[in-house]
Structures are given as structure tokens and as C-alpha cells.
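Reader: Could you take me through the structure shown here, beginning with the space inside it?

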Amino acid sequence: MQYCDRSTPRDWVDNAVRLIDADTQRSADTHLLRYPLPASWPVRLYLKDESTHITGSLKHRLARSLFLYALCNGWVGPDTTIIEASSGSTAVSEAYFAKLLGLDFVAVMPAKTSPQKVALIEAQGGRCHFVERAPDMYTEAQRLARECGGHYMDQFTHAERATDWRGNNNIAESIFHQLELESHPVPEWVVVGAGTGGTSATIGRYIRYRRHATKLAVVDPEGSAFYGGYELGDAGFQTGMPSRIEGIGRPRVEPSFVGQVVDRMIAVPDAASIATARHASAALGRRVGGSTGTNLWGAFALVAEMLAAGRAGSVVTLLCDGGDRYSGTYFDDSWVAAQGIDLAPPAAVLAEFDATGSWNG
């Protein structure tokens, strides 16, 4: 009788899952902040502050889910090198979990990724491997994984299936729980960006599962394919262009993007994303990243729409990460000028919104 046993050692997997669960147990949930809109307005705007995760961004949740998914599928063992294609924040978080498990980690990313994010990945023990063209990240990550016998985590394929969208304290369940004692506990809109598409899929599915009347809006920056793919109903739509707003926007519609659960897509110019990040940073007294600016531009537009219709209610969006990671880009006037970006027009839209509640964006 012959036997063939290629399974990952169960005692190692058991301990790896325990280490991740213990890390989760030590971590508190993230805060739900009220954005300072005028008290006289009948609409409340909330920010789910994902920057308070130990690795500083929304991607901490995704990285945790991806590692558990890979471990429980038998894809990762004690000697597996983890490879990921990432523009930055996911790589920071995955490097953290790889270090927790004693695994090597390599991030494949565009050469233009901010130096601050590269430093954060390296501080967690990860290594960075650069490509000149953002669309080349996928094939390069696959190649590296084959060559070293490692595992390509592939966030862009697995994000929507790695997270338990029915509950288990996912981001959607957390938001609705934290809103329970508010004046409008079921928001009219939740606004998120799409990078992998995992967060929008989780929230959109959870809304339907719990039979909430809430609608989901996805904001999309310049160069990204999600808006065009949604508009055309084409899951294979591509732009081939990188996004200047790190963490969201992709050159192709990613496999994890579930457009069927999205009620509205909003295209956001990069100038608007950056101007809103600066505007919100001043309002909150702390810097927020460019993707948070994209989220808030869409959220402000929806708040104004509700005000114009005389509707009371609430809107929720995400504070994805802190702005200190982008001190050399979005908060650097010379970088903005070199990109040919004019912040004055969107800044005027934001000023008028603050003063009157109207929206001309």
C-alpha cells in the first residue's frame, strides 16, 4: 500500500491561526467618528477610522482575512515565502502578519509607490520588489512565487471571498453596531473606494443580508477601471493606467469587485481627492490620506443631495489611513504642481459646501 502526504503540518497551522486570533483579541475595534458638519444640518456624516489598526490602515482587516484564508486552505506552511502584488498599504499589513508567523514576505509594487510606504513595509521585515508598470505587478508576483516555491496571496482575486461578509465582526457589522444608538442608525449611504473590491463586496452583501435600506456608493479615482467597467457592464474593462490615489483604483476591473451590490459609482478627479484630503485634515485636526479624500468627496456630494431634497439621515464613509504616509506627495505643493494638478477649483467647491450645503462638484 502506498501513501502520499503533502499536507501542511497541522500543529504549525493550528499555532499560526492561534497567533492571528490572539493578535485580534488584543486589538480593539476601530472608532466611528462624527465629521464636523454644521449642527443645524439634518444629515450626520460618520468616518470609520481604520487608521487606528496596528498597521495603520483599512488593509489590516484584509491582510488578516487573507492569511487565515490561505492557512485554512493549506496553502501556507512554516517555510512558505509570502508574495503579494500591492501598491503599499496591503503590503504593510501583510508584512506584519508574515513577521508574526515567522515567514518571509516580498511585496511587488510600482516603482512610484511613496517612500514612506516602502519604509513601513521594510520596518515590518518585508522586502520590496519594484516594477515600472503597475499592470505588471500580477505576473511578476506570480513569477516570483513560482521561482521560490512561495505563495502568491493575490489580494485582487481572494479579497471578496476571504472575508466572512455575513458577520464575524467584519467592517459592515461593526459600522451598523456602532450606529445603533445614533439618531439615524441605518445610514442612507455607505461610501467606499475600491482597490481589490473586497470592502465594497463585504458591505454590499451585508446590507442585503441584513435587509437594510442603505445604499452603497463606490468612488473611483482617475485612471481606474472600476467606474468604466460598471458603466459599461464589462467585468473585463481595463484602462492600463495606474492610479495616483494609492490604495484605491486599479488599471483593470479586479476579480474581487462585485458590481452587482453597488448602487452608484462616482468618478472623482485626483485634484478633488487631494484637495478633500487636505480640507478634511484641517477639519479633523489630523492628516488623512488621499483615498479618504476620495471617499469624502463622494460623501459630501451625497450629503448635499440629501439636504437639497430635505431628507434627514446619515452617511458613513471610511478614514482609510493617515496622511503622514503621503507627506512627500499629496501634502507636498511641489509634488502636486509637478503632477499638473490644480487644487483651486475643488477647494472652491468644498468651501461652498461648508458654507451653504450646496454642491457644484
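Author: By class, the lining of the largest cavity has seven nonpolar, four charged and eleven polar residues, where Ala, Val, Leu, Ile, Met, Phe, Trp, Tyr, Cys and Pro count as nonpolar, Asp, Glu, Lys and Arg as charged, and the others, Gly among them, as polar. The model is predicted, so local features need pLDDT of at least 70 and side-chain atom pairs 80 or more, while totals for chains, interfaces and linings use all residues. Residues are numbered from 1 along each chain as its sequence is written, and side-chain values use heavy atoms, without hydrogens and water.

Reader: Which helix gives the most to the lining of the largest cavity?

Author: A cavity is a set of points on a 1 Å grid over the protein atoms alone where a 1.4 Å probe fits but cannot get out, and its lining residues have an atom within 4 Å of a point. Helices (H or I, at least four residues) and strands (E, at least two) are DSSP runs, numbered from the N terminus. Both β7 (189-193) and α8 (198-209) supply at least two residues of this lining, and the most, three residues, comes from α8.

Reader: Why is strand β2 largely enclosed by the rest of the structure?

Author: Strand β2 covers residues 43-49, and it is largely enclosed because six of its seven residues are buried (under 20% relative accessible area, with a 1.4 Å probe and protein chains only).

Reader: Which residue of β10 is the bridge partner of Val-43?

Author: Strand β10 (residues 313-319) runs parallel to β2, and seven bridges join them. Within β10, the partner of Val-43 is Gly-313.

How values were computed
Buried means under 20% relative accessible area, exposed over 50%, partly exposed in between (1.4 Å probe, protein chains only). Two strands pair if DSSP finds at least two bridges between them.
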